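Colleague: I am new to reading protein models. Could you walk me through how some of the labels are given?
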Amino acid sequence: MYLALLVIFLQFSELYTQDKVFTFNTVEIKVEPSVKVRNGAPMSIICHADISKSADFQLKYNFTIFKDHKLVFMTVSDTGDAQYEVPVAKSSDTGDYQCTVKADKKTRSSDPVHVWVTGMTKPTLTADKRDVLEGEVVKLRCELPEEDPPLQFCFRKIKTNSTPRETCVPESYTNFSVLEVSVEEGDNILQFDCFGRRNVKLEWEDSAHSNKTLVTVREPFIKPTLTTVPSSNNVTEGDQIQFECSTVVVEMRDIEIILQKNKSILNSVQDKKLLRYSTVATLEDSGEYLCKVEQGGASKTTKLNVVVSELFPKPTLVASMTKLDKNKELILNCSINGFQTANFSIIRKNANGDIPLKNSQTLKMRVNVNDTGSYTCKAEVKGIVKESKPVRINVYAPVSKPTLSVAGGLPEVVLGKPLQLICHSVMGTPPKTFRFYKGDDVEKIVINDTYATFLDENIRLNDQRGYRCDARNNHSSGVKTSDILNVTVIVPVRDASLGSVPYGEVEDGSEIAFLCSVKEGSLPILFRFFKKTDNEVLLFEKIEHRDRAMWHKETMKRQDTGTYYCVASNRANVDVRSQPITISVILAAWKKGVVAALVLITIAGAGALALWWFLRKKKKAKGPSMEMSGSALAANLTSEKLARQPNDGDYYSGSGYIEDSENHMKSTDESKGPDLESAEVEYTEVEVSTLDPHRGIFARSYLALKIVSYTGFLQYVIFLARNWIRKYNAPENLPLKGRLSCPVTARTLRRDFCSNP
């Protein structure tokens, strides 16, 4: 029964749970009266949840409203609506609002809505002082207590009959700002106000202007007075001029008076009301003067323009000549146009200081080269000294005869390379003019102090024109010309070749000659002979005044086999390498005969040793057979052997070895008795079938070996003798002196040898 009730209860619970199904359709947020609200007006933020249910049942709704992701309102409701009331909207209420609704483990959020509260509250402005002196500082404070940072505060300084001066200060963390304003000269009555500013959606919004604050300004001292004695418009050079600058001060504390001209301070006094300054007037004293009075941050100035009249003009220095030769007379005269009474002096300018020459209006002197320089004169009237413009005097010494040389030292040049010449004149006053000639043609003109260079890039082999140069300056002596310079043109070595006699192969112990030649090149030529190894080995070198060189090596050895080449060079310093040739040192003919003879003797000795060994072995094999047959068997064996001798001739061929064997056999048979005849016949048959074939074959081999050995050796000796005679009679194997004198041969190398005996 209880089980049935439990089942029924669970069924009803499941049905009840299935009836409580709901879902969020939308969650919306809206602003009344609108998303744009004026500052100070009421504002309502309404959140509405649209929900679908499976049946009519009650839900609890948790509403949360955020502004710029910060919680501003939270409530629980039985309905799908919640309202956030803002009685007085402020600019700080501007932002993005979003609503989140939670019901029975389900949550849904609305889209954000931007609310803009237009307008800002009016700021308040205060000043720490209402009565100040010029140069003092006023501290202003502008505040927006109902606004939230970040904000920007703008302060305005308002003067009568002038445009307000505005200064803006950003504040990121406070809703107020403080600014210090300096009171300047002329600020009599000042007014200040301020306003706030904020940025909303990349747009600036300004508040209303604050209240105006009035500040009264008093002068700490009056504007200074600047005067001159005599008057600023009646000053002449040489007059004593006096400046006076004065002011009236409220409080004699930290006051300073300064006199300036062109930003240069002429004089200054402190804690005084009057400044005086005097000087002798010159033309340079004309200009604008400034008197400045300073106290604390206050400053006032007065300007005065002074014009100084000229007492006399600058003097003029005249020279009889500005360019003259050494030891010539120079006259310098100093004068003032329309003015005669003055004290004159003539001076030579120098980097270390002026050098007075004469206190006179005129100077005569015989000049030297060291007198070259700038000269001026000075004139003094009533203590006023004026100096003339400088006059440049140049004294010239004549140039010396120039020398022309090659930059490299030796008067030679490699064909195809440029030639650099230097023309040098030791003596003479610069600047000097140099001219280069090739033959009679002017190639280049250079102006320099002591020397000049010329580069000739058109070098030809058969150009016979000489080089020369001349030099001159402003001296009246004229031009000096160098000696003619003849330059040797060096032709680089080209196409080196190497040959030898004999060529390719040479017998051990014989001589060889190498010839290295070039196609062209200026003499002398350095010839070097090398053997090619891991490290290049210099074998021979020689300097020749012709286009070839010969190296004679009297004895060649087996280790001289290898690759040879030669290198030729001259003063052009260009090494030209020949193609390599290979020389093989072979065994001499007589050494070949000795080797052949030794080989044949060795073979013959080996054959004789083999024969001796064979005979010795055979002798040991026959001894036991004879002892077993007895004396009677030996007699019968002898007669049987003699009776059968014609048939045995087919195997032994009548050799000396066979005859010796038969004689030996006969003597053995005779020592035996005539017994056992039948046994003798049987023994003979066994001996013929085993011994005779081997003895015949070896005999024929030995005979053939002897014939071939003696015949071959004689033929080889005859062959070597014929080749020796033929080679010795050949032209290339004649003695070296005889070969070099022969004019006719088919080989190019041999023709080169004979062309220069």
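Modeller: Gladly! Two strands count as paired if DSSP finds at least two bridges between them. Keep in mind that this is a predicted model.

Colleague: What makes β22 and β23 a pair?

Modeller: Strand β22 (residues 255–261) and strand β23 (residues 264–270) share six bridges in the antiparallel sense. The cut-off is at least two bridges, so they pair. One of the bridges links Q260 to I265 in β23. The strands form a hairpin with two residues between them. In that turn, N262 has a positive phi of about 50°, and K263 has a positive phi of about 70° although it is not a glycine.

Colleague: Why is K263 called exposed?

Modeller: Exposed means over 50% relative accessible area. K263 has 81% relative accessibility, so K263 counts as exposed.

Colleague: And why does D104 count as exposed?

Modeller: D104 sits in the loop between β7 (95–103) and β8 (106–109). Its relative accessibility is 53%, and the cut-off is over 50%, so D104 is exposed. D104 also has a positive phi, near 45°.

Colleague: Which residues does a cis peptide bond join, with omega about 5°?

Modeller: That bond joins P149 and P150. P150 is in the loop between β12 (137–143) and β13 (151–159). A cis peptide bond also joins V229 and P230, with omega about -5°.

Technical notes: Residues numbered from 1 in each chain as written. Predicted model: local features only at pLDDT ≥ 70, side-chain atom pairs only at ≥ 80, totals over all residues. Heavy atoms only, no water. Helix = DSSP H or I, 4+ residues; strand = E, 2+ residues; numbered from the N terminus. Buried < 20%, exposed > 50% of the residue type's maximum accessible area, 1.4 Å probe, protein only.
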